[in-house]
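Me: I am new to this structure and would like to go through it step by step. Could we begin with the strands and then turn to the helices?

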Amino acid sequence: TWDVICQLEAGEVRTVMVTGDSMLTGVCIARESGMIKAMQSLILGSDFDSNGEVIWVDESDAEVDLPSIDTIQTSNTELAVTGEVWQSLREADPKMAMILAEHIRVYGRCTPSDKVSVVSTFVELGDITLIGGDGGNDCGALKTAHVGVALSDAEASMVSPFTSLDKSLTSVVEVLKEGRCALASALASY
């Protein structure tokens with residue numbers, strides 16, 4: 001996975017993890033794979049206070065205030081949230097949620113509708129989205145993204161425009177390379 005993330009970053013692709021697993025599991029894998037660098041700080045949003053406000057904590061589990069967007073951009077900080085927190089942010093202030101989406105690296109404990117919501121947000125922001133998924137819970141997101149790559153022969157392959165033969169993330173890189181080559185060829189021909 002490390003090699004795939006490096007290739008995607010070299011191609012100026014921002015990688016984001018949207019998983020049904022625990023947010024902390026997602027953060028651990030994101031760190032191991034290089035999505036979140038060792039020198040980057042992380043702020044987690046996974047719970048709510050009695051007023052329904054998101055409780056933000058740092059990696060030492062100390063409660064912190066969410067920094068301003070300018071501070072997040074300049075301080076090399078990444079965010080991680082649960083699907084429940086993501087939906088709360090979208091409902092409370094959709095414009096702020098869209099701004100925060102550009103800084104959230106891990107979305108954990110996501111339901112299928114949470115995954116669709118995350119992908120839809122990136123589409124609304126004008127980003128070209130590519131998602132790889134391996135199960136039925138990824139079907140909606142695979143259909144919502146500009147490019148969906150099924151990493152399975154099961155339900156995901158029925159709705160996805162692309163199905164991986166080797167069931168690994170390297171397929172995402174291959175689809176991206178072929179798409180960029182096709183675009184370059186079409187523009188050159190034009």
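Me: Which residue in S8 is the bridge partner of Leu130?
Reply: In this predicted model, Leu130 is bridged to Val147 in S8. Further along, Gly132 stands opposite Val149.

Me: In which sense do S7 and S8 pair, and over how many bridges?
Reply: S7 (residues 130-133) and S8 (residues 147-150) pair in the parallel sense, over 4 bridges. Between them the chain passes through helix H7 (residues 139-144), and this β-α-β crossover is right-handed.

Me: What is the strand order of the open sheet?
Reply: The order is S7-S8-S9, 3 strands with parallel pairing. S7 and S9 (162-163) are the edge strands, each pairing on one side only. Helix H9 (residues 170-189) packs on this sheet and touches S7, S8 and S9; its direction makes about 145 degrees with that of S8.

Me: Changing topic: at what angle do the axes of H4 and H6 cross?
Reply: The axes of H4 (residues 83-92) and H6 (residues 112-124) cross at roughly 50 degrees and come within 10 Å. The two helices are therefore oblique to each other.

Me: Is that crossing left-handed or right-handed?
Reply: H4 passes H6 in a left-handed crossing.

Me: And which residues meet there?
Reply: From H4 the contacts include Trp86, Gln87 and Arg90, and from H6 they include Ser117, Val118 and Thr121.

Notes:
Residues numbered from 1 in each chain as written. Predicted model: local features only at pLDDT ≥ 70, side-chain atom pairs only at ≥ 80, totals over all residues. Heavy atoms only, no water. Pairing = 2+ DSSP bridges. Right-handed = clockwise from strand over helix to strand, strands pointing away. Axes fitted to C-alpha atoms, helices over the stretch in contact; angles between N-to-C directions. Parallel < 35°, antiparallel > 145°, perpendicular 65-115°, else oblique. Left-handed = near helix turned anticlockwise from the far one by under 90°. Contact = heavy atoms within 4.5 Å.
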